[in-house]
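Hi everyone, thanks for coming. Let me put the structure up on the screen, and then we'll walk through it together.

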Amino acid sequence: MKVLVTGAAGFLGRSLMSRLAADPRRLSLTALDLPEAIARASFNAHVEIVSCDLRKSEEVAAVLHGRDFDCVGHLAALVSSNDREALWKANVEATSNLVAALSCERLESVLIAGSAAVYGG
């Protein structure tokens with residue numbers, strides 16, 4: 001099974017990646033995140049690490065083209081910022097870009113996590 005996790009270096013992403021890496025089945029794991037986030041994270045040696053900015057639709061399409069993932073866990077998000085435009089781009093546009101790039105894929109499942117940040121603070 002081929003699994004993609006966006007936001008893999010974040011709080012939820014690291015937790016999901018460690019759970020998936022411990023799965024006794026043979027999983028092909030791909031961690032997708034921003035370059036600066038990946039630089040701070042450490043992943044199992046069997047994880048393919050892909051640097052990508054989900055806010056850039058062309059970059060997302062190029063990175064995902066022909067990879068044939070079975071499952072996607074979309075956990076990438078910006079959760080704390082006073083910059084409403086940055087929040088919109090990181091959360092809404094990035095999710096839209098990912099969904100568009102995956103629209104032709106035959107996925108078994110997609111997990112999209114939300115954030116309490118949508119309720120304001």
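Let me start with a question: how many of the six residues of strand β2 are buried? The answer is five, so to speak, and strand β2, residues 28-33, is mostly covered. By buried I mean under 20% relative accessible area, with exposed being over 50% and partly exposed in between, using a 1.4 Å probe and protein chains only.

A quick word on what we're looking at. This is a predicted model, where local features need pLDDT of at least 70 and side-chain atom pairs count only at pLDDT 80 or more, while totals for chains, interfaces and linings use all residues. Residues are numbered from 1 along each chain as its sequence is written, and side-chain values use heavy atoms, with hydrogens and water left out.

Okay, the overall layout. The protein has four helices and five strands, and from the N terminus they come in the order β-α-β-α-β-α-β-α-β. Helices here are DSSP runs of H or I with at least four residues, strands are runs of E with at least two, and both are numbered from the N terminus. There are 121 residues, and 35% of them count as buried. The exposed surface comes to about 7600 Å², with carbon and sulfur atoms supplying 53% of it; that area is from the Shrake-Rupley method with a 1.4 Å probe, and for residues only the protein chains shown count as cover. Among contacts with a separation of 6 or more, 63% are between residues 24 or more positions apart. A contact means heavy atoms within 4.5 Å.

Now to the sheet. It's an open sheet of five strands, in the order β3-β2-β1-β4-β5, with parallel pairing. Two strands pair if DSSP finds at least two bridges between them. At the edges sit β3 and β5, residues 109-112, each pairing on one side only. On average, neighbouring strands are turned by 15 degrees against each other, ignoring direction.

Two helices to point out on this sheet. Helix α1, residues 11-21, packs on it and touches β1, β2, β3 and β5, and its direction makes about 165 degrees with that of β1. Helix α3 also packs on the sheet, touching β1, β2 and β3, at about 155 degrees to the direction of β3. For these angles, axes are lines fitted to C-alpha atoms, for helices over the stretch in contact, and the angles run from 0 to 180 degrees between N-to-C directions.

Let's go through some pairings. Strand β1, residues 2-6, runs parallel to β2 over five bridges. Along that pair, K2 stands opposite S28, V5 has A31 as its bridge partner, and T6 has L32. A31 also has a bridge partner in β3, namely I49, and β2 and β3, residues 47-51, pair in the parallel sense over five bridges. Back in β1, there is parallel pairing with β4 over four bridges, where L4 partners V72. Four of the five residues of β1 are buried, so this strand is largely enclosed by the rest of the structure.

Next, the helices against each other. Helix α3, residues 57-64, and helix α4, residues 84-102, pack at an angle of about 40 degrees, with axes 9 Å apart. Who makes that contact? On the α3 side we have S57, V60, A61 and L64, and on the α4 side N97, L98, A101 and L102. By class, that's six nonpolar residues, two polar and no charged ones. One of them, A61, is partly exposed at 38% relative accessibility. A61 and N97 are 36 residues apart in sequence, yet 8.0 Å apart in space, C-alpha to C-alpha.

Finally, two loop residues. D53 lies between β3 and α3, and at 10% relative accessibility D53 counts as buried. Leaving aside residues up to four places away in sequence, D53 touches L34, E59 and V60. Then there's D68, in the loop between α3 and β4, residues 71-74. Most residues other than glycine have a negative phi. D68 has a positive phi of about 55 degrees although it is not a glycine, and D68 is partly exposed, with a relative accessible area of 48%.

Note on methods: Nonpolar A, V, L, I, M, F, W, Y, C, P; charged D, E, K, R; others polar.
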